[in-house]
Amino acid sequence: MNQQSSSILRVAVDTPLHRSFDYLPPMDVDWDRIQIGQRVRVPFRNKIITGMLMSIEQETSVPKNKLKQAEEVIIETPIWTPSLTKLLQFVQDYYHQPVGEVMMGLMPKWLREGRPQVMPKQRAGKGAKVAVNQRLKVVELNQEQQQASARIKEDLEHFHGYLIQGVTGSGKTEVYMDVVEAVLARGKQALILVPEIGLTPQTLDRFQQRFNEPAVLLHSGLSHGQRLRAWMQAKTASIVVGTRSAIFTPMDKLGLIIVDEEHDMSFKQQDSLRYSARDLSIVRGNLENIPVILGSATPSLESLHNAQRERYELLHLSRRASNAQPPAMNILDIRDAQLEEGLSASLLEGIQRHLSRQGQILLFINRRGYAPCLICHSCGYLAECRRCDVKLTLHSQSNRLHCHQCDKIYPLQKHCPRCGGEKLIPLGAGTERIEQALRRHFPCEGVLRIDADSTRTKGSMEEYLQTIRDGRANILIGTQMMAKGHDFPNLTLVAILDADYGLFSADFRAIERFGQIIVQVAGRAGRAEKPGEVIIQTRHPDYPLLQTLTQKGYSAFAKQILQEREQASLPPYLYMALIRAEAFDEQLPQQFLQQVKGLAQDHGLQPLNIMGPITAPMARRAGRHRAQLLIRTTERGQLQQSLKPLTRALENMKESRKVRWSLDVDPMDMM
Ligand code: ADP
Ligand code: ZN
């Protein structure tokens, strides 16, 4: 690069500001070897930190005598490939995220700290590759699978978006692998995104066995060293399997992106940099000009809508690959039933029936702990977190009360703090309580509870899965982590213990998620020869959407909700951004957002486009009071145009330093 000593280095550093910083070049700079995108060591707030060279300028608004000098430009291959640089630019523009947080924050920590881009040595035994003993017999695709795969393989050289809607067990993964094979045969790479760390080894195994070569695994459970190593290997690996953030992995010859279980909420990052890896997979596919496959048994309404608008091509897999019948769905009316710890007599009979036929049973309840609240029998006092507006959950293992919002743990009191009453009663049932009840009812059976508490230690999930496959536990109690991806051939009964919990919620997306979870959990039943049954306990057996779901299936259910969303002007028919604010002071968040509202109107938004400020559905969390302002427009462009100047203006408001605020474009939860 031919530059003079008067040139200025413009550097992005990892701060929440929407701007870069100018520096004088280091003394001994070698202009010939400097490239945009290299890392630079610069003084920043009395520290030397690592930033990224964004451009070389001849002019700066900073007075020359105020300019600091960069310490070093790290001569290296730029960390971000050209197409990733464009993707990160998109992230800045679309999600209105600060340049430095994006350019620096999305690389492995060791690189962010300035360490060199070399393969760190691997400690023996740790993170070793999975042994590939035998290559699995490749299954012969059935007609539907073949059609789907052939359609995608028709053109692997351009961007196309595909949505594979395949019932659980229909063999989506086999279709993915068939397409991946064609991509690898062209000397290109495949990136596969999965929702959960728990599912990555399983997916990885299948791909490794099929292709007989190591795939690279990327997820948040890796140490910093492992992450850097995997990241470097990914550049040239054939197959990379990862969770959400893997969408930002540089790959030299990327030829295909697959997003499995695309409906899953975990593809959306809910804090700091709020992006959707699913949506970004489409953007990246466009930038790299390669096909993108989104797959699910229960596609998100956003993706179905995109398929309706012919943005994606919809491919159906309507039958289970093994020819197993879909499970029978039975609604169990519990309006007048005597429940014992959330279990009705009919359900207990059902469990007995399946056990006596050597079937396994999964009871699904999305509530961990023993009981979701503790109530005083005398005065009705309910134990609440002192710092959050939530009831405390009683955990029998710790014999304490836990706040599931801020994780604070309280001792279990003997007396009611309000009236001194001695009878404090656990109300409702969570996984622990159900587990105890089932152990009482079926003392000779292995009972296994699988939730965030029981799987906290590393490797425990794998152990549990093995226990289930070996038939050492036949009664399983699980939260939504059991709804995903696992395959248990002997599972014949799935029971949804509390369907009503999902039916009525302030969040307009709750019903969609409820349907997805029911179908996904139900999909665990009867995957092999034994027919499956699903029992849904509810006090609202006639609820129309529940009827549609159980009688007509997910597509009809989704269609009905899409119509409702259109009538109510809700996403995906409307574009939203949520500005959240929180502070220890009760008034500040509302006052701040009121000012933001004024600014938003200055930047072209109509009162009609702005809702609030209102108190957040969870009004207080970890001691902070919370409020929110919702911006909604019928056109994405309008939203984007107004948000850009708005975020800049917000940054300069002095009030913005007194509250914690964030902008969430396309928010997935309205809390
Ligand atoms: P999905 O990803 O849709 O849940 P999988 O790809 O995991 O489905 O397939 C479910 C099961 O069916 C797996 O055990 C898989 O090996 C098997 N399978 C898939 N396709 C076929 C096929 N064409 N013939 C026989 N078995 C198949
Ligand atoms: Zn709390």
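A nitrogen atom of ligand 1 lies 2.7 Å from a polar backbone atom of E140. This is one of the polar contacts of the site, a polar contact being a pair of N or O atoms within 3.5 Å (within protein, one must be able to donate a hydrogen and the other to accept it, and residues adjacent in sequence count only if both atoms are side-chain atoms). The model is predicted: local features need pLDDT of at least 70, side-chain atom pairs count only at pLDDT 80 or more, and totals for chains, interfaces and linings use all residues. Residues are numbered from 1 along each chain as its sequence is written, chains are lettered from A and ligands numbered from 1 in the order in which they are written, and side-chain values use heavy atoms, with hydrogens and water left out.

| Residue | Protein atom | Ligand 1 atom | Distance |
|---|---|---|---|
| E140 | polar backbone atom | nitrogen | 2.7 Å |
| K172 | backbone N or O | oxygen | 2.9 Å |
| T173 | side-chain N or O | oxygen | 2.8 Å |

On its own, ligand 1 has 560 Å² of accessible area, of which the protein covers 73% (Shrake-Rupley method with a 1.4 Å probe; for residues, only the protein chains shown count as cover). The shell holds 14 residues, and E140, Q145, K172, T173 and R206 come nearest; a residue is near if one of its heavy atoms lies within 4 Å. By class, the shell comprises 3 nonpolar, 6 polar and 5 charged residues. Here Ala, Val, Leu, Ile, Met, Phe, Trp, Tyr, Cys and Pro count as nonpolar, Asp, Glu, Lys and Arg as charged, and the others, Gly among them, as polar. Helix α5 (residues 172–185) gives the most to this shell, with 3 residues; helices (H or I, at least four residues) and strands (E, at least two) are DSSP runs numbered from the N terminus.

An automatic or database assignment sets the domain bounds: domain 1 (8–112), domain 2 (143–317), domain 3 (328–371 + 428–564) and domain 4 (575–665).

Two cis peptide bonds may be noted. One joins P571 and P572, with omega about 5 degrees, and P572 is in the loop between α16 (554–567) and β25 (575–583). The other runs from G612 to P613, with omega near 5 degrees, and P613 is in strand β26 (residues 610–621).
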